[in-house]
Structures are given as structure tokens and as C-alpha cells.
Amino acid sequence: MRTSTTVDGDFHLDTVPPLVLAHRRQAFMAGTWTQLDEVHGSDVVVVDAPGEHDGAIGDAAVTRRLGTVLSVWVGDCAPVVLVGDGDDGQGVVGVAHAGWKGALDGVLQRAVEAMHAARIDAVLGPCIHGCCNEFGPDLLEQFVRRFGPQVASTTTWGTPSLHLPAVVAAALDEVGVAVRDESVCTRCSTSWFSHRRGDVGRHVMCVRMMVVQ
């Protein structure tokens, strides 16, 4: 599992030329990639062969196929990697793109369910935090009702905000998965791209399916 930084370049699926993107992918993580065309939804794609569904619409992907790289590309939304022991004794991995829309619609829970795993470990990568994620009060109240008061925060300039890492943790807790939070606020740190800061680039969080010992 790896998360790129701005030093690794832009992984935007829609704006980076295909040949440049292909080279950049292999320089970052060798393997055959599936990088979905994310639409802030909750659809989960099952990858049955390396490279299958690359560029297809979806916001989460899972696989059991060796050599497959699953990638989620973000610029403030939450990238989540899921690693599990399948109910058939084989390993299974997944990724999910959890922006506020997808998180509210259940993309994380659906990804976990699609893995059919006896146990899953989750890791959260860099995303926007409550210090910078200004949110309208009415929409914020929907999240509080859905996930609890811990998801509400305040920006450094004093306005209501949504703390996305708390949303991810609460959503995964609903399906019995604990998350290791390795996130840093993307708007605060220039090491990662941030849509809220005005960046057009996107970083990736990747996982490669390997043999489970």
C-alpha cells in the first residue's frame, strides 16, 4: 500500500495524457492498474482480472487477483484501502473513494460487504479535515444525525465544518471495521493536492494484491 504525493505527479484520470499516466503509474507502483472514473457515488466494482474495469465508472473496487493494483484518486476526499482475509481463506483487497456524498450514501459499507471477508483492516489516507472543510449547517446536521456529533467540527476561521476522518471511522464501525487513520489535512499540507486550495491535480492511494502467507 502506498500513497503518492505531489512529487509523484498528477494522477488525474481525465486530464493527464494516457501515455504519461501509464508511465507514472508504473513508476509509482508496478502492476496492472484499475483506476476507476469516480463520480462521488457508491457503486462497487469487482475486478476479476488484472486491469479489468480500468477507467470504468465507480467509487470502490475489490479484487482477489494477484498482480492487480487498485487505485483511488483524490484531492480532498477520503481515500480508503481495505485488506482482508476472504471467507474462502484467500486474501482480498479493496479501495474506496469517500467524499461526503459517497460516505453519506454508503460507499464504504458497500465496499466492505463486497469483499466477503472474515476480517478486514482499513487505512485512511490524506484527506480534508474539519479545520478546513467548511460545510453548510443543514447538510452538516444530516451527517450528525447519521453518524453522531463527533463528525461536526469548526474551521480555523470559525465556521461549521465536517471532519471527514470521523465520518470514515463511523461508517466503517457500522460494519465492524476499525480504521487506522494515517490522514493529514490536504488543504493544510502542500504535500498533497487539494481541490479546496485550487489544485487541479490528484494524488492516489494504491494497494496491490499479493499472496497472503
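Against which strands do the buried residues of helix α1 pack? The model examined here is predicted, so that local features are reported at pLDDT of at least 70 and side-chain atom pairs at pLDDT 80 or more, whereas totals for chains, interfaces and linings use all residues. Residues are numbered from 1 along each chain as its sequence is written, and side-chain values use heavy atoms, with hydrogens and water left out.

The protein contains five helices and 12 strands; helices (H or I, at least four residues) and strands (E, at least two) are DSSP runs numbered from the N terminus. The radius of gyration is 16 Å, close to the 17 Å that the globule rule gives for 213 residues, so the protein is as compact as a globular protein of that length. This radius is taken over C-alpha atoms, and the globule rule is 2.2 Å times the number of residues to the power 0.38. The C-alpha trace spans about 45 × 40 × 25 Å along the principal axes of the protein.

Of the 213 residues, 50% are buried, where buried means under 20% relative accessible area, exposed over 50%, and partly exposed in between (1.4 Å probe, protein chains only). The protein exposes about 9,400 Å², of which carbon and sulfur atoms supply 52%; accessible areas come from the Shrake-Rupley method with a 1.4 Å probe, and for residues only the protein chains shown count as cover. Among contacts with a separation of 6 or more, 65% join residues 24 or more positions apart, a contact being defined by heavy atoms within 4.5 Å.

Helix α1 comprises residues 18-28, and its buried residues are Leu21, Arg25 and Phe28. Viewed down the axis of α1, these residues fall within an arc of 75 degrees, so they line one face of the helix; the arc is that of the directions from the helix axis to the C-beta atoms. The buried residues of α1 pack against β1 (2-3), β2 (32-35) and β12 (203-208). On the face turned away from the buried side, α1 carries the exposed residues Leu19, His23 and Ala27.

Helix α4 shows a buried face as well, formed by Leu140, Phe143 and Phe147. Seen down the axis of α4, the buried residues fall within an arc of 55 degrees, so they line one face of the helix. They pack against α2 (100-105), α3, β9 (152-154), β10 (160-162) and α5 (164-173). The exposed residues Pro137, Asp138 and Arg145 are found on the face of α4 turned away from its buried side. Phenylalanine 147 belongs to this helix, which covers residues 137-147, and counts as buried at 8% relative accessibility. Leaving out residues up to four places away in sequence, phenylalanine 147 touches Ala103, Leu104, Gln109, Val167, Ala170, Ala171 and Glu174. Helix α4 is followed by glycine 148, whose phi is positive, near 110 degrees.

Helix α5 is mostly covered, with eight of its 10 residues buried. Among these buried residues are Leu164, Val168 and Leu172. Alanine 170 also lies in α5, and its relative accessibility of 13% places it among buried residues. When neighbours within four places in sequence are set aside, alanine 170 is in contact with Phe147 and Gln150.

Valine 74 is located in strand β5 (residues 68-74) and is buried, with a relative accessible area of 2%. Apart from residues up to four places away in sequence, valine 74 touches Pro79, His97, Pro126, Arg202 and His203. Although valine 74 and arginine 202 are 128 residues apart in sequence, their C-alpha atoms are 5.3 Å apart in space.

Backbone angles were also examined. Most residues other than glycine have a negative phi. Aspartate 76, which is not a glycine, has a positive phi of about 145 degrees. This aspartate 76 lies in the loop between β5 and β6 (78-86) and counts as buried at 7% relative accessibility. Histidine 116, likewise not a glycine, has a positive phi of about 50 degrees and is placed in the loop between α3 (107-115) and β8 (117-124).
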